[in-house]
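Hi,

Here is the structure I promised to pass on to you. My notes on what I found in it follow below.

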Amino acid sequence: MADTTWKLHLRDLGGQEVNCSEFPQSIRELVLLGGLHCDRVSGCLKTSGISLADPASLVSAFSILGLAEGDRVRLGSDEDLRCYFRAASAPRMVALAIQAESADSDVISVQDFIAAREH
């Protein structure tokens, strides 16, 4: 059976990590999980008028990065999220933060992350 464990790193809670047992299948599912564990994420969802049905608005409101094997991978769509989990080896981690408060640098695309593992 494949290992589907991963950690959700909540940067808005000082780096608190939540152990998870199943991969999220969408950005919406990931952000909702973050809202369950972080009042700041939940509050942002409630006060900003962000539509949970619109992945693009979720990605514009939240910084979502895959952290694996020394890389920081921008996850900007449901497909990016699924590709990241297929390509990353354990330990897998996804960092979630409110976009306006996040300063992400040295971030690569999912395509570059996968290409590096294929060589």
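Serine 57 is buried, its relative accessible area being 17%; buried means under 20% relative accessible area, exposed over 50%, and partly exposed in between, with a 1.4 Å probe and protein chains only. Before going on, please note that this is a predicted model, in which local features need pLDDT of at least 70 and side-chain atom pairs count only at pLDDT 80 or more, while totals for chains, interfaces and linings use all residues. Residues are numbered from 1 along each chain as its sequence is written, and side-chain values use heavy atoms, with hydrogens and water left out.

Serine 57 sits in helix H3 (residues 55-61); helices (H or I, at least four residues) and strands (E, at least two) are DSSP runs, numbered from the N terminus. Its side chain reaches the backbone oxygen of aspartate 54 at 2.9 Å. Setting aside neighbours within four places in sequence, serine 57 is in contact (heavy atoms within 4.5 Å) with Ile50 and Ser51.

Serine 26 belongs to the loop between strand S2 (16-20) and helix H1 (27-37). Is serine 26 buried or exposed? Serine 26 is buried, with a relative accessible area of 16%. A polar atom of its side chain lies 3.0 Å from the backbone nitrogen of glutamate 29. Not counting residues up to four places away in sequence, serine 26 touches Asp78 and Leu81.

**The sheet**

An open sheet is formed by five strands in the order S2-S1-S5-S3-S4, with mixed pairing; two strands pair if DSSP finds at least two bridges between them. S2 and strand S4 (71-74) are the edge strands, each pairing on one side only. From one strand to the next, the twist averages 25°. Strand S1 (residues 6-10) and strand S5 (residues 93-98) run parallel and are joined by four bridges. Histidine 9 has alanine 95 in S5 as its bridge partner. H1 packs on the sheet and touches S1, S2, strand S3 (62-68) and S5; the direction of H1 makes about 65° with that of S1. Axes here are lines fitted to C-alpha atoms, for helices over the stretch in contact, and angles run from 0 to 180 degrees between N-to-C directions.

The largest nonpolar core has 32 residues, of which Val31, Phe62, Ile64 and Tyr84 touch the most other members. Helix H4 (residues 78-87) gives the most to this core, with four residues. A nonpolar core is a set of buried Ala, Val, Leu, Ile, Met, Phe, Trp, Tyr and Cys residues joined through side-chain atoms within 4.5 Å. Leaving out residues up to four places away in sequence, valine 31 touches Val41, Leu45, Leu58, Phe62, Ile64 and Leu96.

Phenylalanine 113 is in helix H5 (residues 110-118) and counts as buried, at 0% relative accessibility. Beyond its neighbours within four places in sequence, its contacts include Ala68, Val73, Tyr84 and Ile108. Between phenylalanine 113 and cysteine 83 there are 9.6 Å, C-alpha to C-alpha, and 30 residues in sequence.

**Cysteines**

How many disulfides does the structure hold? It holds zero, a disulfide being a pair of cysteine sulfur atoms within 2.5 Å. For cysteine 38, the closest cysteine sulfur is in cysteine 44, 9.8 Å away and too far for a bond. For cysteine 83, the closest is in cysteine 20, at 20 Å, which is also too far for a bond. Cysteine 38 is buried at 0% relative accessibility, and cysteine 83 is buried with a relative accessible area of 16%.

Best wishes

Notes
A polar contact is a pair of N or O atoms within 3.5 Å; within protein, one must be able to donate a hydrogen and the other to accept it, and residues adjacent in sequence count only if both atoms are side-chain atoms.
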